[in-house]
Amino acid sequence: MLEVAGLEVRYGAIRAVREVSLRVEAGELVALLGANGAGKSSTLMCIAGALRASAGSIRLAGEDVTSTSPEGMVRRGVATVPEARNVFPDLTVAENLRLGAYIRRHDRSAVAEQRDKMLALFPRLAERSSQPAGTLSGGEQQMLVIARAMMSQPSILLLDEPSLGLAPTIVDQIFEMIQALRSSGLTILLVEQNAAKALAVADRAYVMRLGRIARKGSAGEIRAATDLHSLYLGG
Amino acid sequence: MRFTIQFVVDVLSLGGAYALMALGLVIVFGILRLVNFAYGELIMVAGYTMFLVSGSGLPWLVMAAVAVVMAIFAGIATDYVAFRPVRAKSVTAVLITSFAFSTLLQNAALLFISPRPRVVPLPEIFSETVQIGGVITPLRNIITIITAVVLLALFAFLMRRTVLGIAMRAAATNFTMARMLGVPANLIISSAFAISGLLAGIVGLLWIGRIGTVVPGIGLEPLLVAFIATVIGGMRSLTGAVLGGFVLAFIDTGLNYSLPQELLKFRDAFTFSLVIMILLVRPEGLMRGPASGQRT
């Protein structure tokens, strides 16, 4: 479904991502693991259209989508949840969700139906629907950005570090929800530092190191790999 | 009592005009983090359009509508000419291109029309007066207040209740994130410029209505007023811009009433001293803008 080949992302002279190739099949949950600064987020943001690729290609369902704008990627069914839990703090929870359905705004009944589905999956958001999103807790904000991304009814979801900076019990909840989304047939590319958590839900995984793919395989293979620690610690 | 009514009417009518001017500037600034220095020329465009269509014999309201539409077009043109080509590349470049566009429009008016003031048609109603609680005041002031109230209400409705408005508020907080939800960048920016042009056009008609003539440099004072009002209000907050407009009008009107005759010509010096004092106490302005913000 998603096919990335020879991708390179530069920040000035620094090549943050080099020759990255990966693929995600329909209905799969693929994890992209690695230490801080390995280039995971840059890869994800580049697929989302928020960063420009300096080399390589990104194909979505056979169509070349390299250097498509972020809004163009959403229209093609790719929803992105960036790392920083980017809720719009001054907008209410309901307004945040409404904005998530921007590309579907003319189909009011479908939007309402999708919103009810998301509020059922994240009941906390229903309680806080008219509150400014900035007043939510970290975990609630993470739920909101995932629900907001899902409002566009994407065929593939790009998730960047959903567990970052959250308490362990909240992390468990978030991963339960990722599991629920996945079993509804959604294709997910998950970037995580928390390898154990990610591998528990993933079908396959790629491990990045210093901007390159250092290892790939099924979740079981990656988990069994003894050098996982050294990949993280740069040994 | 009569003094109070007079004062309140003066502050509200001047403040209404200032608030609309400031709002037109801040709507673009909030999203792009760039001051549109060609903003004053939108008012000039509205003025000269009135002058050019004055011989047509159309009803005044139709001429006014044409002038406002031209200001909207000029606003959108600002985006296409000065902003879009260099927006993603350099802040400094946009600063210069928006100055250049401003100068270009002013010089076009100098060259093709005249450096001398040109008379703008005004409706009868602008020169009539009305009596409120024993105070005689120009009807124009009341029209300004009503226009400001209607436009501010309309604007608030647009920003709170429509998807486009919510998207514009979101884009002012985090443009990239808004785009990652499918909000098209160019549509949002063009809409902001169009709204800026609409506000400038309408406020321009009211502004020019005070003097009845238009000159190439007419936009300078509104630009300055809008800029100061947004600085007082807090640069990135829409509510702040409106508040800043009224605060500035309060200061100006208050000084008009209280300064002795021989000091009146130095009114601006007193105004700016007070603005500096406000900023010393509240360096961020009266209202804080959205929490985070990145440029694109």
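Trainee: In what order do the six strands of the open sheet in chain A run?
Mentor: Happy to start there, with the note that this is a predicted model, where local features need pLDDT of at least 70, side-chain atom pairs count only at pLDDT 80 or more, and totals for chains, interfaces and linings use all residues. Residues are numbered from 1 along each chain as its sequence is written, while chains are lettered from A and ligands numbered from 1 in the order in which they are written. Strands (E, at least two residues) and helices (H or I, at least four) are DSSP runs numbered from the N terminus, and two strands pair if DSSP finds at least two bridges between them. The pairing in this open sheet of chain A is mixed, and the order is 6-7-8-3-9-10.

Trainee: Which are the edge strands of chain A?
Mentor: Look for strands that pair on one side only. In chain A, those are strand 6 (78–81) and strand 10 (212–218).

Trainee: Is A:Ile156 buried or exposed?
Mentor: A:Ile156 sits in strand 7 (residues 156–160) of chain A. A residue is buried if 20 or more other C-beta atoms lie within 10 Å of its own, exposed if 12 or fewer, and partly exposed in between, with C-beta atoms placed from the backbone. Because A:Ile156 has 22 other C-beta atoms within 10 Å, the term for A:Ile156 is buried.

Trainee: How many residues of helix 6 of chain B are buried?
Mentor: Helix 6 (residues 163–173) of chain B is mostly covered. What covers its buried residues includes helix 3 (93–100) of chain A, together with helix 1 (2–32), helix 5 (139–161), helix 7 (175–179) and helix 8 (185–211) of chain B. Of the eleven residues in helix 6 of chain B, the number buried is eight.

Trainee: Which helix of chain B gives the most to the side that touches chain A?
Mentor: Two residues are in contact if their C-beta atoms, placed from the backbone, lie within 7 Å. By that rule, 18 residues of chain B are in contact with 24 residues of chain A. Helix 6 and helix 7 of chain B each supply at least two residues of that side of chain B. With six residues, the one that gives the most is helix 6 of chain B.
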